[in-house]
Amino acid sequence: MRNTLYEKQIGRMTAPLKLAQPPDEESSKRRQILDGARRVFMDLGFDGASMGEIAKAAGVSKGTLYVYFSDKNALFEAIVEEVGSIHTASTLDLDPNEDLVATLDRFGMAYMTMLCQPQGGSAIRTVMAIAERKPEIGRRYYGFIVSGWISKLASYLKAQAADGKVAIEDYELAATQFMLSCQATLFLPFVFQAHPAPPPERIAAVVQSAIRMFCATYQIMPD
């Protein structure tokens, strides 16, 4: 089988072979392939990666690789989905009754710790590099990670506004403003490799600054 975008149907035709394997073995093999693909994508980039290199890194034959994934696009999309499932904001519980400052601090620290993981920069750079010519991959990454965090904070802010604690008209805008403020001096130097991943104390200092600016703009102080 050749590595071309026009032979996806071949991958679909071979997919039923996976049913012959026990579920645990199938899951283990898929994990082995994804781990190998991740290493190749990080080392060679999306364009430099080939199904042959991925199979070698994963320790499987090319035939086995094609049973699970029809091409490297499907492999990369699976990795993006996996990253999203691990970094999703759904595991972060924001209690509407919790203090605004405490919630923003907890949210900001969790968000920036996720965003600036030492190994996360390579994945983000790879997505950014191919999103222009493969926008569906960029949309998938944004949908799995970024929009989930925005929606989580926007819902909390909406509840705070209903309680008379903040004056906000556009909850998504306010949530995004806070998140971008948390990124200041941290994310761009990290993702462009100008600086290593920021330490927790630096993240905390920037998050506190973002909280002060947010509260100065939106918080309603009691009489």
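A helix crossing is right-handed if the near helix is turned clockwise from the far one by less than a right angle. Keep that handy for the views below, which come from a predicted model.

**View 1. Helices α8 and α9 cross at roughly 120°.** The axes of this pair come within 8 Å, and the crossing is right-handed. On the α8 side you'll find Val146, Trp149, Ile150, Leu153, Ala154, Leu157, Lys158 and Ala161. They meet Tyr171, Glu172, Ala174, Ala175, Thr176, Phe178 and Met179 in α9. Sorted by class, the contact of α8 with α9 comes to 12 nonpolar, one polar and two charged residues.

**View 2. Helix α6 (residues 100-115) packs against helix α9 (residues 171-183).** Their axes sit 10 Å apart at an angle of about 60°, which makes α6 oblique to α9. As in View 1, the crossing is right-handed, here with α6 passing α9. From α6 come Leu104, Phe107, Gly108, Tyr111, Met112 and Leu115, while α9 brings Phe178, Met179, Cys182 and Gln183. The class count for the contact of α6 with α9 is eight nonpolar, two polar and no charged residues.

**View 3. Helices α6 and α8 (residues 135-162) pack at an angle of about 180°.** That angle is over 145 degrees, so α6 and α8 are roughly antiparallel to each other. The axes of α6 and α8 are 12 Å apart. Leu100, Thr103, Leu104, Phe107, Ala110, Tyr111 and Met114 of α6 face up to Ile145, Trp149, Lys152, Leu153, Tyr156, Leu157 and Gln160 of α8. In the contact of α6 with α8, 11 residues are nonpolar, two are polar and one is charged.

**View 4. The largest cavity holds about 90 Å³ of space.** Searching the whole structure turns up two cavities of 30 Å³ or more. Around the largest cavity sit Arg38, Phe41, Met42, Phe76, Ile79, Val80, Val83, Ser122, Ala123, Thr126, Val127 and Tyr141. The elements giving two or more residues to that lining are α2 (23-48), α5 (72-87) and α7 (120-131). By class, the lining of the largest cavity is nine nonpolar, two polar and one charged residues.

Key
Residues numbered from 1 in each chain as written. Predicted model: local features only at pLDDT ≥ 70, side-chain atom pairs only at ≥ 80, totals over all residues. Heavy atoms only, no water. Axes fitted to C-alpha atoms, helices over the stretch in contact; angles between N-to-C directions. Helix = DSSP H or I, 4+ residues; strand = E, 2+ residues; numbered from the N terminus. Parallel < 35°, antiparallel > 145°, perpendicular 65-115°, else oblique. Contact = heavy atoms within 4.5 Å. Nonpolar A, V, L, I, M, F, W, Y, C, P; charged D, E, K, R; others polar. 1 Å grid on protein atoms, 1.4 Å probe; cavity = no way out; pocket = protein on both sides within 12 Å on 5 of 7 lines; lining within 4 Å. Points joined across faces, edges and corners; volume = space filled by probe spheres on them.
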